[in-house]
Amino acid sequence: MATTEPDADWHGDDSSISQLRGRAFEATCLAATAFGLVSVLLLLLFVANDAFRPLSADSGWLLTYAVTVVVPLAALAVYYYRLDEPAGEVAYVTSGLPVVGVLLTGGFAVMFIELLSILEWFALVTSLVAAGGLIVAHGRLRPNAALERLVVLFGAPIVTVLGTPPAQFNWLVTDLAAALGVDFGLYHRVISLREVLLRLPYVPTNWLLLLGTLVAPLAVAGGVFVARRCDSRRAGFAVVGATLVGALVGLVTGPALGIGYGGWMLLVAFVALPVGVYVEGVVRRREGVRGLAFPVTAVLGVAVGSVVVDAAGLAGPDSWIDWGFLTSATSRTAADAGIYPAMVGSIMMIIVIVLATFPVGVGAAIYLEEYAPSEGPMGKFVTLVEINIGNLAGVPSVVYGLLGLALFIRIVQWPQGSIVVAGLAVGLLILPIVIISAQEAIRSVPDSFRQASYGMGATRWQTIRQVVLPEALPGILTGTILALGRAIGETAPLLMIGAAASVRLAPNGFFDVAGMMPRQIYSWSSELEPAFRHGVLAAGVITLLAVLLVMNATAIVIRNRYQRE
Amino acid sequence: MSTETPEPDITSRPRGRAARERMYQYLLLLCAALSILVTISIVALLARDAITFFTLVNPLDFFGGTEFLLSRDVYGLLPLLSGTLLVTVIAALIALPTGVAAAVYLSEYASDRMRSVLKPGLEVLAGIPTVVYGIFALVYVTPFLRTIGLPVNTFNILSPSIMVGIMIVPMVSSLSEDAMSAVPDSLRRAGYGMGATKFEVTTGVVLPAAASGIFSSFILALSRAIGETMIVVVAAGSQPRMLNLAEPLQNLWQGFQPMTAAMVQINSADSVSQLGFSSMFAIGLTLFAITFLLNLVSNRIAARYREEYE
């Protein structure tokens, strides 16, 4: 027990050697951490070089923009990083918001060009609002009729938006009817409010519809937000008024700028309004106002640079990514190839995914976190569900493609390679990710909030809807955006469900066959011509990565803003 | 005055309120149960065609066959399995040591500022679409391997495997780091109290204590490598091939066709027999079974280490 061993080795004996060993180990570990990062960074630089070809520009052109844009911005960035972090945050958001806004504008513009006319949009929005109104009104009038509520919840959208089953589902109704030997008489469908609106003999002009259904609601939302923040109704009305006037100005200036009044109105609603609201908040709080210098410098720098370049007649780089690439279809000749139809396909696929996975995923997460019993047979079932979700997250994406092929194409018989099938297959793939991240967000809401709500006499569902969900929403949104980023890049399921290799025309319905961005990139990767391999392909990769970057940056901003300590 | 106001009846339970509550609960339960339905439909739908396949092809010929030729209706799994095995082994050789070393650095050595840069950076690696990694392998890595003197073909198994390795590094590092962070500080202090250096504490105390968590991250990463599709589809070629055991190094320079790539090829082939089409489901079911089992095992191990320290 108390035996002493004077001859035992003392750890410090060879201290100089072990210090060296420790240092070497630490350096090795750091190198391992950096290995993946550095190699991917290098590869990205190669791709970016192929896509933009900066070296094909005159050196004067590069020099001009380096002096007017890169150097000032880099200096500002160093300043924010070292000395003024709040201003850095402001700089990040004020430069990022317009980018996100322009992307949204582009998305809506594509939607109005390819998917629905402004009148159809108006009819859709009006009918959705009517359905919501019906549901709310029923809840007010008969708060205790649960079963009726269920009927209204699902019936109202059918009456206002869908009408009786559209053609794509007819097989279900008619086959079932035939099997049962009954004639439902559904061959003359009952039309919905939406379709009634579409057949109105007199409709307002397009700009009025757009102003009423898109700009005005966003303006009111912004106005309410500002009014609450400043505690002043006048400020709110000022925001609404300024937005509407700004949008109306577009009737003159839009066509003059060549973007049409529609483009102008979208820009006002998605770019000018959020940026204005954010900047107003920054200025009023006087926090990080210096951050505003960053976007101003960027815009001024580009303006000055372009004037100088024009005056000196310097040629810019012959980049593969340009307006033509983003707005034209793919082609046999590399110079004409573009990614536009694939982008439309990706956007429409994302719409399907959001509609299909967000409600189900959040619903499942709410059940697992708020309702699930931990004991009894139900408890066992819940444990099984949890394990199963974890495992589904690890199932290879190609298997989900096989599932989509077997289920939606061979059994349901939706057209091969259509957007619905792609969206549902990829949606099933990201469903476990959405559930898991929503669960984490809901779990992070402190229990005291729930207790307080119960203490006020709220029921469980009231607590969830009015306390837990609003608190967890930023977290849920962050997780969903990250999952959607994964969805945009998924390729294997698209190959399995037969998404089109190259489409010349953008799809304009959800049952159309379409290609998506990663599918298009994959087709380009099998072209042998160097112009494709080192030009068009690189441009496609950069476009895809840019979209992902914007989505992830948005998710991070939301996370940082609302993170709970 | 105040006596005139009727007492609000706060104890009343309006009829239907309970029913409404129950309705929402069942609706939400339905959402949660959907995940089970997904699993069941994967198994059922894959099995449906796989069974048709196995009635026509002897399972022994499938699992033991050394040749895979769509055009001659010969379906042996071993060449595809060779490709999958190679990708997994090479990727593991890259990702497992790198991932654990990165986890050690992040959990034991990195300053807060370094962590705040490196961790999101590693997460970005996992967020890059796999088709992009495939293009990296085909267009940039393979020519690079040639310039440094390796005799690789245009389509080879080496460069996609390297990319798969880099892709799964963050998976190993983040899960291993979680395991190392879960090791209680008291163990580290005990080590320092004995006069051990930081290196000795890290390798002698933290790593063994976190071993089961690290091991579970390995299995998960391997399962990801086995199921990885686009990288190998783009860059590994479409030639099913058996492993050349006589000259192991030769394998690296040649193209292989792993299971996932074979499924994609069958599906996109212009004319494929009914049997070939159902072989895709047999391969898919095998793949699903392997990855599902690995995930289960990994979760089990991870659950065990969580119990150890909580």
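Reader: Hi! Is Arg284(A) buried, partly exposed or exposed?

Author: Arg284(A) counts as partly exposed, because its relative accessibility is 38% (buried is under 20%, exposed over 50%, partly exposed in between; 1.4 Å probe, protein chains only). This is a predicted model: local features need pLDDT of at least 70, side-chain atom pairs pLDDT 80 or more, while totals for chains, interfaces and linings use all residues. Residues are numbered from 1 along each chain, chains are lettered from A and ligands numbered from 1 as written, and side-chain values use heavy atoms, without hydrogens or water.

Reader: Which side chain does Arg284(A) meet in a salt bridge?

Author: That of Glu280(A), at 3.1 Å from N to O (a salt bridge is a Lys or Arg side-chain nitrogen within 4 Å of an Asp or Glu carboxyl oxygen). Both residues lie in helix H10 of chain A, four residues apart, about one turn (helices are DSSP runs of H or I, at least four residues, numbered from the N terminus).

Reader: How many salt bridges are there over all chains?

Author: The structure holds 17. One of them joins Arg53(A) and Asp318(A), with the closest N and O atoms 3.0 Å apart. Those two sit in separate loops of chain A, so the pair ties together parts 265 residues apart in sequence.

Reader: What about Glu370(A) and Arg450(A)?

Author: Their side chains also meet in a salt bridge, at 2.8 Å. It links helix H13 to helix H17 of chain A, 80 residues apart. Glu370(A) is buried at 12%, and so is Arg450(A) at 9%.

Reader: Switching to chain B, why is helix H12 largely enclosed?

Author: Because eight of its ten residues are buried, including Met259(B), Val264(B) and Asn267(B).
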